[in-house]
Amino acid sequence: MRKILVTGGTGYIGSHTAIELINQGYQPLLIDNLSNSKMDRLDQIEKITGVRPEFEKIEMCDGEQMKELFSRHQDIEAVIHFAAVLQVGESVEKPLFYYRNNLVSTLNLLDSMNGSGIRPIVFSSSCTVYGNPDTLPVTENAPVKEAVSPYGNTKKMCEDIIRDSTISTTIQAISLRYFNPIGNHLSALIGEEPHGEPTHLVPYLTQTARGIRPHLNIFGNDYNTPDGTCLRDYIHVVDLAKAHIAAIERLLDNKQDKNYEVFNIGTGIGYSVLEMVQAFEKATGMPVPFKFAPRRSGDVEAVYADTHAAEKSLGWKAELGLEDMFRSAWEWEQTLEHHS
Ligand code: UD1
């Protein structure tokens, strides 16, 4: 079995990807510093797949720990790099922490890969690099805009670092630019666990439906969109996880056209916040009280993906729709016990 290192492997997208790797016959080695996830993810992955993935608690910002990891596991064939701190608001408060954490961990990873002769890496990037795009749907050729937050900037900077390292080393990379990942594994055993008041739309929706929040604030209803609320491309996390398998196989099979490639990972459909509320109510039968609130600073008006490149080159296409996303998110919400 081919061993794939998954950094941030116990996190929301990392653990869903670990499941898909196991389902496809790979041997994931998960590493995480457990700053934003717990070891019990391993139990849940085992319950779902019947396989307990190998795990090591690693601080990726410590170069020595990374070197030792790679010398202990000389059979790693490829890397999927998720590990990062990722709260937009927090990144504005603690920019140096964000830059240090997300950049140093990536540099250490690339150094270790290079030292061990490991070529393939799939990087977890974001549509945030497009900012407010000039044309929609947005293609991979759209210009990268100045980031609105240090978090967004770390995604752009890591893309640049990875791209540049493919020029002079043997590293070959694919950056996947995710649109808005939502939903959970259909078993409702794993999912996103927001700390405190959620900032993302779907956890806020599910907590409001559950009565934990009195109402959802819809940030802005005066945008230049059909109903005045922002448009986003929401993608089921299980579809997103599968895109990583397609990307890693493209690299392992040497099918890439260039040493560094970028693909949008979305559904290609833009839904408004109001449409999301209505679709959630329809999928779950749960009413969601909402109020219109002022625009949130840093929000872009509309962004959704052109997915043709991923379809053509990765042979990947999103299969799950909003109903699957909301049903799974709602089932997951009802398993959560603590909210503050
Ligand atoms: C957010 C991040 C983005 C990151 C992405 C994936 C911000 C500003 N952006 O995208 O950098 O790449 O997640 O992790 O955090 N909304 C409401 N009420 C709410 C919450 C959200 O109306 O209580 C609206 C937002 O204005 C937006 C949409 O819902 O139009 C989606 O918001 P959210 O889930 O936070 O994702 P993004 O902001 O698109």
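Guide: A nonpolar core is a set of buried Ala, Val, Leu, Ile, Met, Phe, Trp, Tyr and Cys residues joined through side-chain atoms within 4.5 Å; buried means under 20% relative accessible area, with a 1.4 Å probe and protein chains only. The model is predicted: local features need pLDDT of at least 70, side-chain atom pairs count only at pLDDT 80 or more, and totals for chains, interfaces and linings use all residues. Residues are numbered from 1 along each chain as its sequence is written, and side-chain values use heavy atoms, leaving out hydrogens and water.

Visitor: How many residues has the largest nonpolar core?

Guide: Those with the most contacts inside this core are I4, L176, I265, L314 and W316. The largest nonpolar core has 37 residues.

Visitor: Which element gives the most to this core?

Guide: Helices (H or I, at least four residues) and strands (E, at least two) are DSSP runs, numbered from the N terminus. Elements that each supply at least two residues include β1 (3-7), α1 (12-23) and α8 (237-252). With 10 residues, the element that gives the most is α8.

Visitor: Is A283 buried or exposed?

Guide: A283 is found in helix α9, residues 273-284. Because its relative accessibility is 12%, A283 counts as buried.

Visitor: Which residues does A283 touch?

Guide: Contact means heavy atoms within 4.5 Å. Not counting residues up to four places away in sequence, A283 touches E323, F326 and R327.

Visitor: Which residue follows α9?

Guide: The residue has a positive phi, near 75 degrees. α9 is followed by G285.

Terms used:
Buried < 20%, exposed > 50% of the residue type's maximum accessible area, 1.4 Å probe, protein only.
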